[in-house]
Amino acid sequence: MKSSEKLKMALTVAAAALLLLVIVIYVVRDTGKNSSTDNISVEYMSGDSENVAEAGTNSDSGQADTSTAATTDSVTRTSSESASTLVSSNGTIYKDSISGNSFYPDETAVLKNIYKNVSYDVERQLSELASYFEQGNDAAVVDLVSLDRYEAMSYSLTGTSNYYYYGETNSDGLPNGKGLAVYGENQYYYGEWVDGVRSGAGGWYQFYPDYDTYVVSRHQYVGQWANDLPNGQGQEHYDYNVNYMDESSFYIQNVIGNFVDGYYDGEIYLISIGADENTKEWYGNLVKGKFVVYGDPDVEGRYPVLQARLNESDYFWMVQAKLENNRINNIIYNGSMVVVK
């Protein structure tokens with residue numbers, strides 16, 4: 001055989017061997033990717049709020065419509081064998097998840113009927129308190145609202161939505177501009193008003209009396225207002241009496257996001273706090289108080305509604321009945337100003 005023919009044959013054999021090697025590598029890689037048991041796929045929350053908004057309540061059963069779960073996007077999560085698991089109703093396995101029922105059901109502050117002999121001066125007290133709000137002196141605000149004369153002032157409005165006011169007014173004498181109002185149930189608002197309605201930037205605060213043994217010590221919202229309710233960007237915050245917290249409850253510390261008439265609306269960033277005072281960060285999405293769920297329910301009918309910031313396979317699960325009406329609770333609104341004579 002001539003040397004040129006030997007060279008040609010060698011090149012042909014080498015090319016065939018190279019082609020076979022490429023085919024083998026491709027098959028092995030593709031097979032490994034499709035057959036891996038370490039990866040699971042779950043439904044991911046959709047950003048299409050228009051489609052979500054169309055989902056409502058099932059009028060036949062009265063059950064919340066869970067069609068807000070996304071079906072268009074998916075993400076692959078990597079799990080470990082040692083992680084705790086929850087199994088959805090269709091067999092999907094969720095790793096590192098927290099089972100739950102709802103957020104801690106906060107109640108409004110209750111002032112007792114113990115102020116009959118306590119005198120108060122509305123204008124003087126609100127003027128004094130407004131100056132500390134203006135300065136941003138939170139410690140002084142807390143000290144004042146805890147005094148009997150301040151609690152007696154708020155108690156006098158118990159059972160009504162009315163308020164005492166100190167601040168700027170319009171030509172009709174209605175709150176307009178910046179001012180401070182006190183309501184029943186130890187609630188205060190300091191911020192902007194338009195024609196007697198809370199509108200613009202402002203803060204709402206509810207202080208729980210020292211004699212109260214309730215777990216919440218303070219509840220507040222600071223942000224944008226319209227129509228006398230939180231509307232726009234803002235932050236809700238809770239302070240707790242740690243001694244009254246229990247290990248089984250899910251306590252909200254902060255919620256940052258958008259609000260519509262007091263309801264969580266759109267993407268939220270939430271911080272929870274436990275009885276051990278450790279905190280955890282979460283993401284979620286709602287449409288006027290209704291959660292956009294991350295996937296199917298577990299075997300007990302609970303839906304994944306919050307996703308941990310540091311672990312995408314870590315969820316907080318909520319029962320179906322609690323998926324709706326998630327909002328800032330207890331705000332007194334649509335009241336009338338009480339003129340002090």
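Predicted model: local features only at pLDDT ≥ 70, side-chain atom pairs only at ≥ 80, totals over all residues.
Student: What share of the residues counts as buried?

Tutor: Of the 341 residues, 41% count as buried, where buried means under 20% relative accessible area, exposed means over 50%, and partly exposed lies in between, with a 1.4 Å probe and protein chains only as cover. The protein exposes about 18200 Å², and carbon and sulfur atoms supply 48% of that area, which comes from the Shrake-Rupley method with a 1.4 Å probe.

Student: And what part of the contacts joins residues 24 or more positions apart?

Tutor: Counting contacts with a separation of 6 or more, residues 24 or more positions apart account for 55% of them, where a contact means heavy atoms within 4.5 Å.

Student: Which residues touch the most other members in the largest nonpolar core?

Tutor: That core has 42 residues, and Phe103, Tyr240, Leu270, Val305 and Leu306 touch the most other members. A nonpolar core is a set of buried Ala, Val, Leu, Ile, Met, Phe, Trp, Tyr and Cys residues joined through side-chain atoms within 4.5 Å. Apart from neighbours within four places in sequence, Tyr240 is in contact with Val215, Val216, Ser217, Met245, Tyr251, Ile252 and Ile273.

Student: What's in the second core, then?

Tutor: The second core is separate and holds 18 residues, including Val122, Val182, Tyr188 and Tyr205.

Student: Changing topic, which residues lie nearest the centre of the second largest pocket?

Tutor: Among its 17 lining residues, Phe103, Tyr104, Pro105, Asn326 and Asn329 lie nearest the centre. A pocket is found on a 1 Å grid over the protein atoms alone, as an open set of points where a 1.4 Å probe fits, with protein on both sides within 12 Å along at least five of seven lines, and lining residues have an atom within 4 Å of a point.

Student: Which strand gives the largest share of that lining, and how many residues is that?

Tutor: Strand 10, residues 229–240, supplies three lining residues, the largest share. By type, the lining divides into eight nonpolar, four polar and five charged residues.

Student: Let's look at helix 5; which of its residues are buried?

Tutor: Tyr150, Glu151, Ala152, Met153 and Ser154 are the buried residues of helix 5. Their cover includes helix 3 (122–135), helix 4 (138–145), strand 5 (164–169), strand 6 (175–183) and strand 7 (187–194).

Student: Why does Ser154 count as buried?

Tutor: Ser154 counts as buried because its relative accessibility is 0%. Ser154 is found in helix 5, which spans residues 148–155, and beyond its neighbours within four places in sequence Ser154 is in contact with Leu111, Val182, Tyr183, Gly184, Glu185, Asn186 and Gln187.

Student: What about Tyr132, is it buried or partly exposed?

Tutor: Tyr132 is partly exposed, because its relative accessible area is 26%. Tyr132 has its place in helix 3, and it touches Asn137, Ala140, Val141 and Leu144 when residues up to four places away are not counted.

Student: Where does Gly203 sit?

Tutor: Gly203 sits in strand 8, and it counts as buried because its relative accessible area is 2%. Leaving aside neighbours within four places, Gly203 is in contact with Tyr188, Tyr189, Tyr190, Tyr221, Val222 and Trp225.

Student: One last thing, what is phi for Asp195?

Tutor: Phi of Asp195 is near 50 degrees, a positive value in a residue other than glycine. Asp195 lies in the loop between strand 7 and strand 8 (197–207), and it is partly exposed, with a relative accessible area of 46%. Lys288 is not a glycine either, and its phi is positive at about 45 degrees; Lys288 lies in the loop between strand 13 and strand 14 (290–291).

Methods. Residues numbered from 1 in each chain as written. Heavy atoms only, no water. Helix = DSSP H or I, 4+ residues; strand = E, 2+ residues; numbered from the N terminus. Nonpolar A, V, L, I, M, F, W, Y, C, P; charged D, E, K, R; others polar.
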